[in-house]
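Open the model in your viewer and keep the selection tool ready. This short tour goes from the whole chain to a few side chains.

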Amino acid sequence: MLNTNTIYNEAGTGAPDFPAGMPTVGGDPVVESGSNSDGEWTRWADGTQECQHITAVVTTATNLSGTADIYRTPYIPVNFPVAFSSPPRMVPFSYENTQNLSWGASDITPSLTDGGVYGLSCFNNVTTRPGYIAIGRYK
């Protein structure tokens, strides 16, 4: 199992204690980032956390979802690579492996540690790998 983790500690004053050359994105300091078998994460100094993952499950959209000409994959539960302190906003997507259109969806509210995704398509038998981006708070 791959587990990569980089942590930047904060000083007792509450101010970030960033070493010279600490990574930033658009001037915002990253305080922790890493990956494991459940995905990748980045934690920002302001308390924001982003997690993302493309499932290893290659699945086919065949189950009619109840709407004409919309097909879906089976539900795929996902674990976040690190927990959130409050339920995040989850944006599902579909990493398509065929030449047809597909997109992601979810019909549940994510918890602090997990959520779930579907792949959807207007074509039958589309092969896809559903994924997500979750954004919320870690502190």
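Accessible areas here come from the Shrake-Rupley method with a 1.4 Å probe. By that method, the protein chain of this predicted model exposes about 7700 Å². Carbon and sulfur atoms supply 51% of that area.

**Whole chain.** Show the cartoon. Which secondary structure do you see in the protein chain? There are 13 strands and zero helices. Now colour by burial. Of the 139 residues, 37% count as buried. Residues 24 or more positions apart account for 64% of them.

**Aromatic pairs.** Select the rings. The structure holds three aromatic pairs. Zoom in on Phe 80 and Tyr 132. Their ring centres are 5.4 Å apart and their planes meet at 65°, so this pair is edge-to-face; planes over 60 degrees apart count that way. Phe 80 sits in the loop between β9 (76-79) and β10, while Tyr 132 belongs to strand β13 (residues 126-137), so the pair ties together parts 52 residues apart in sequence. Are these two residues buried or exposed? Both Phe 80 and Tyr 132 are buried. Ring pairs link Phe 84, Phe 80 and Tyr 132 into a cluster.

**Surface patch.** Switch to the surface view. Select Val 91, Ile 133 and Ile 135. Together they make a nonpolar surface patch of about 230 Å². Stop at Val 91, which is found in strand β10 (residues 89-96). Its relative accessible area is 48%, so Val 91 counts as partly exposed; the range for that term runs between 20% and 50%.

How values were computed:
Residues numbered from 1 in each chain as written. Predicted model: local features only at pLDDT ≥ 70, side-chain atom pairs only at ≥ 80, totals over all residues. Heavy atoms only, no water. Patch = residues over 30% accessible without salt bridge, like charges linked within 9 Å, V, L, I, M, F, W, Y side chains within 5 Å. Salt bridge = Lys/Arg side-chain N within 4 Å of Asp/Glu carboxyl O. Helix = DSSP H or I, 4+ residues; strand = E, 2+ residues; numbered from the N terminus. Buried < 20%, exposed > 50% of the residue type's maximum accessible area, 1.4 Å probe, protein only. Phe/Tyr/Trp six-rings, centres within 6.5 Å; stacked < 30°, edge-to-face > 60°. Contact = heavy atoms within 4.5 Å.
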